[in-house]
Amino acid sequence: MAQMAKLRPKCANPARPYLTEDPQHAEPCWYAVQAHVGSEIQVQLRLANKGVDAFLPCTRRKRQWSDRTKIVSTPLIPGYVFVKIALTSRLRLRTVETAG
């Protein structure tokens, strides 16, 4: 199960509190969600299917096996997927309940 990392969010407007009790005024912020290493792409796809704005920075690397060489896309930060949600929204629950 994905877990919310304990990082301070980066909000567009720092004067507004990032966690409010009123869901109408909660500003979405970026959070790092911890995922199992190797399953970041699947977690991003699952979050996107649930309607969560998810971002996974990737880099392209050349991998060589005994019979071939291939360029593969790997996560830039293994074990983390970034999501933009408001903590008071239903998307938070969807994010935390996502497997991976």
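The paragraphs below go through the fold, the surface and the core of a predicted model. Local features require pLDDT of at least 70 and side-chain atom pairs count only at pLDDT 80 or more, whereas totals for chains, interfaces and linings use all residues. Residues are numbered from 1 along each chain as its sequence is written, and side-chain values use heavy atoms, with hydrogens and water left out.

The protein chain contains two helices and six strands, taken as DSSP runs numbered from the N terminus (helices H or I, at least four residues; strands E, at least two), and the order of these elements from the N terminus is β-β-α-β-β-β-β-α. Among the contacts (heavy atoms within 4.5 Å) with a separation of 6 or more, 63% join residues 24 or more positions apart.

Of the 100 residues in the protein chain, 30% are buried, that is, under 20% relative accessible area with a 1.4 Å probe, counting protein chains only. The chain exposes about 7100 Å², 52% of it supplied by carbon and sulfur atoms, with areas from the Shrake-Rupley method and a 1.4 Å probe.

Beyond its neighbours within four places in sequence, A54 is in contact with Q44, L47, V81, F82 and V83.

Elsewhere, the charged end of R68 sits over the ring of W65, 4.9 Å from its centre, the criterion being NZ of Lys or CZ of Arg within 6 Å of the ring centre and within 35 degrees of the ring normal.

Definitions and conventions: Buried means under 20% relative accessible area, exposed over 50%, partly exposed in between (1.4 Å probe, protein chains only).
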